[in-house]
Every structure is written in structure tokens, then in C-alpha cells.
Amino acid sequence: MTVTPKHFNLAYGMEGVVWDGRQLTKRSDAEIRYDIDCMREAGLTEIMISSYHLEEPGNFNLDAETRRIGRELEKRGMKANQHHGYAACLALPGTSQKQVVENLKRCIDFSANLHADNLVLHLGKLAGHEPDMDREKKAFQRLLDRFGADCVMDQVAENMREAGDYAQKNGVRIALENLDAFYHLSDICHLPEILRRTNHPAVGACLDFGHAHCAGVSPVRWIRILGPKLFTTHIHDNHGNTRNVRPGELVDATKEFDEHLSPGLGTISWTDCITALWEINYPYTLSFESCWPGVTGPERYLYSERFWRAAEQTAMRRLNYKKKGA
């Protein structure tokens with residue numbers, strides 16, 4: 001296998017909205033400008049941004065706001081690498097899926113407004129509002145018990161194909177995120193199978209390295225299974241499967257478990273991950289869902305980037321050593 005080392009372009013996350021338990025509220029224009037300017041000062045050209053959607057009520061015009069932020073980015077020579085949205089993936093099988101698909105299309109519109117390459121979505125959400133995550137999971141489990149996983153996955157794939165057609169026309173890809181032990185259908189058995197059934201060029205995956213690691217699944221294994229279907233990433237660190245989560249078990253993503261540390265502050269082997277990304281010729285920007293702790297302004301991105309560049313250099317040295325040994 002020919003491995004071509006490269007320095008990856010990096011992006012970092014920014015929240016566009018605040019959820020107060022009742023409705024979505026947009027962050028102030030000044031707060032958003034400050035975050036974008038800090039990223040630009042750190043030399044970044046792309047960002048990831050969350051989360052404009054129709055699943056929860058909002059007190060502002062989402063279309064106008066995403067267009068405004070898209071213009072703010074464009075003025076600075078920047079764009080969104082991904083829009084982390086939120087949407088149901090199906091209604092009850094055998095019933096109309098029209099509203100589910102329409103909501104997905106609106107999320108795609110918001111992504112296009114942001115000039116985002118990818119709309120990142122969570123699988124395992126049934127149409128209809130549940131008051132908290134626990135009841136949302138229970139509702140989806142009842143769905144699986146009633147219809148069976150095959151029927152549910154087929155319906156998800158059908159909806160994603162229709163949404164994928166719309167995304168492709170608008171220059172956006174849909175990236176389904178691995179939630180591993182945190183949500184239904186989002187583990188290494190089901191998510192790749194849903195992608196296979198969907199079989200659409202604009203529908204792939206977002207690999208969350210931290211979710212995999214704390215669920216006891218190697219991110220390297222995920223990288224190799226997803227291959228060209230890996231469209232984007234969420235990069236953060238943690239201390240691994242400290243709860244002894246069993247395969248197929250669902251747990252809560254507490255901050256003490258899914259720690260969202262900057263790379264290098266947990267136990268993920270980043271040099272192995274980098275090498276695996278090189279092996280599949282991953283061509284896209286890497287999106288970080290973490291920043292260096294204890295610092296503010298541009299430094300919170302620069303400190304994380306320094307670790308990442310050092311890890312890339314270490315991976316390169318390892319490859320060169322192996323070549324000499326051969």
C-alpha cells in the first residue's frame with residue numbers, strides 16, 4: 001500500500017444558536033463575529049457550525065441568519081466545512097415521510113447558505129418532539145421493537161436517498177455521524193450498513209473519534225471501514241472505555257465519559273489515526289470538536305494545531321523509519 005503523508009487543513013467548531021429548554025435563540029452578531037475573527041486570526045479558512053434546524057421552535061429566521069453568517073465568512077475568505085444540524089431520520093414506517101424529508105431539505109438549505117460542504121446528522125431520531133434525550137431513545141427503541149431493525153434501516157435509507165438527491169443539487173453532502181454507544185443505529189455494525197443500503201454519492205459519514213474511543217471501538221477501524229464514504233470528522237479526545245461499555249449497549253454521553261478533550265489530552269493514538277487517514281487518501285478538512293483548555297482568543301486553536309502538527313510529524317517519521325527498514 002502506498003501511503004502519501006500530508007498536512008491536513010483544520011477547522012474548529014462554533015455554536016450559532018443557544019437552546020434554553022424552550023426554543024432556539026441565535027447568538028448575538030457580536031459573539032459570532034468575535035469567534036469567526038479569532039479563527040481567521042489563527043489562520044483558519046474553514047469552520048464547523050451548529051445547529052440550524054426545524055425540530056425545535058426558534059425565535060428567529062433561520063434562513064436569513066444562515067445567509068448572514070455565510071456572507072460574514074465570505075467577506076473574510078472563509079467558509080463552513082460542515083453544518084452540524086439536527087433532524088429526524090424517519091417517521092413511522094408505512095406512514096408519510098414527507099415532513100421528515102422536507103425538514104432534511106431545509107437543513108440542507110441552511111448548510112448551503114453557510115457554504116458548508118457537509119450537513120452532519122445524528123441517526124436514531126424519530127419524527128416528533130420528545131422532552132429529553134432519555135425519552136427520545138426509548139421512543140426509538142419502541143420503534144425498533146415494533147418494526148425490526150431491517151425495516152427501520154430501509155426506511156432511513158429511502159429518506160436519505162431522497163434528501164441526498166436534493167443535497168447533491170445544492171452542492172452539499174450528508175454525513176451521518178457515529179454515535180456508537182450513545183444512540184441507536186449509530187454503531188460500527190449499523191451505520192455502514194445504512195450507507196450501503198442508501199447507496200448515494202452525496203450520503204456518507206462523519207467520524208467522531210471521541211465517540212468511538214470511549215465506546216471501546218478503534219477510530220482506526222472506523223476509518224478503514226468507511227474509506228471513501230468518510231466525508232468529514234469530529235476530532236476530540238478522552239480516556240477510553242472507562243465504563244466498560246459492552247458492544248450494542250447504549251449509555252449516556254456524560255462530560256466525564258465523552259470528555260471532548262483537545263487531542264493529546266486523552267488516550268487516543270493520534271499518530272495511528274493520522275496514518276490511517278493517509279492510507280485511505282482522506283482528502284478533506286479535519287474538523288475539531290474541541291479546543292485547548294485554559295486559553296482564549298486565537299490561541300485556543302493554535303495550541304491544538306501545534307499538537308496536531310507534531311503528531312503528523314511523528315507519523316511521518318514512523319513511516320520513513322518503516323521504509324528504511326524495508
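In this predicted model, asparagine 281 is partly exposed, with a relative accessible area of 49%. That value stays in the partly exposed class because exposed requires over 50%. Asparagine 281 sits in the loop between H9 and strand S10 (286-288). Its phi is near 55 degrees, a positive value in a residue other than glycine. Histidine 260 also has phi near 55 degrees, again positive and again not in a glycine. This histidine belongs to the loop between strand S9 (230-234) and H9. Histidine 260 is partly exposed, at 29% relative accessible area. A further backbone feature is the cis peptide bond from serine 50 to serine 51, with omega near -5 degrees. Serine 51 is placed in the loop between strand S4 (46-50) and helix H2 (62-75). Most residues other than glycine have a negative phi, and most peptide bonds are trans.

In one of them, the rings of phenylalanine 209 and tryptophan 270 have centres 5.5 Å apart and planes at 35 degrees, so the pair is tilted. Phenylalanine 209 lies in helix H7 (residues 209-214) and tryptophan 270 in helix H9 (residues 270-279). The pair thus links distant parts of the chain, 61 residues apart. Both phenylalanine 209 and tryptophan 270 are buried. Tryptophan 270 also pairs with tryptophan 308, at 5.6 Å centre to centre. Here the planes stand at 65 degrees, and the pair is edge-to-face. Tryptophan 308 is in helix H10 (residues 299-325) and tryptophan 270 in helix H9, so the pair ties together parts 38 residues apart in sequence. Relative accessible area is 3% for tryptophan 270, which is buried. Tryptophan 308 is buried too, at 0%. Tyr12, Phe209, Trp270, Phe288, Tyr301 and Trp308 form one aromatic cluster.

Arginine 173 provides charge-over-ring contacts. Its charged end sits over the ring of phenylalanine 231, 4.7 Å from the ring centre. The charged end of arginine 173 also sits over the ring of tyrosine 284, 4.2 Å from the centre.

Helix packing was examined for H3 and H5. Helix H3 (residues 98-113) packs against helix H5 (residues 149-169) at an angle of about 30 degrees. Their axes are 10 Å apart. The crossing of H3 and H5 is right-handed. From H3, the contact residues include Val100, Val101, Leu104 and Ile108. They also include the H3 residues Lys105, Arg106 and Asp109. On the H5 side, Asn159, Met160, Glu162, Ala163, Tyr166 and Ala167 take part. The contact residues divide into 8 nonpolar, 1 polar and 4 charged.

Notes. Residues are numbered from 1 along each chain as its sequence is written. This is a predicted model: local features need pLDDT of at least 70, side-chain atom pairs count only at pLDDT 80 or more; totals for chains, interfaces and linings use all residues. Side-chain values use heavy atoms; hydrogens and water are left out. Rings of Phe, Tyr and Trp (its six-membered ring) pair if their centres lie within 6.5 Å; planes under 30 degrees apart count as stacked, over 60 as edge-to-face and the rest as tilted. Helices (H or I, at least four residues) and strands (E, at least two) are DSSP runs, numbered from the N terminus. Buried means under 20% relative accessible area, exposed over 50%, partly exposed in between (1.4 Å probe, protein chains only). A charge sits over a ring if NZ of Lys or CZ of Arg is within 6 Å of the ring centre and within 35 degrees of the ring normal. Axes are lines fitted to C-alpha atoms, for helices over the stretch in contact, and angles run from 0 to 180 degrees between N-to-C directions. A crossing is left-handed if the near helix is turned anticlockwise from the far one by less than a right angle, and right-handed if clockwise. Contact means heavy atoms within 4.5 Å. Ala, Val, Leu, Ile, Met, Phe, Trp, Tyr, Cys and Pro count as nonpolar, Asp, Glu, Lys and Arg as charged, and the others, Gly among them, as polar.
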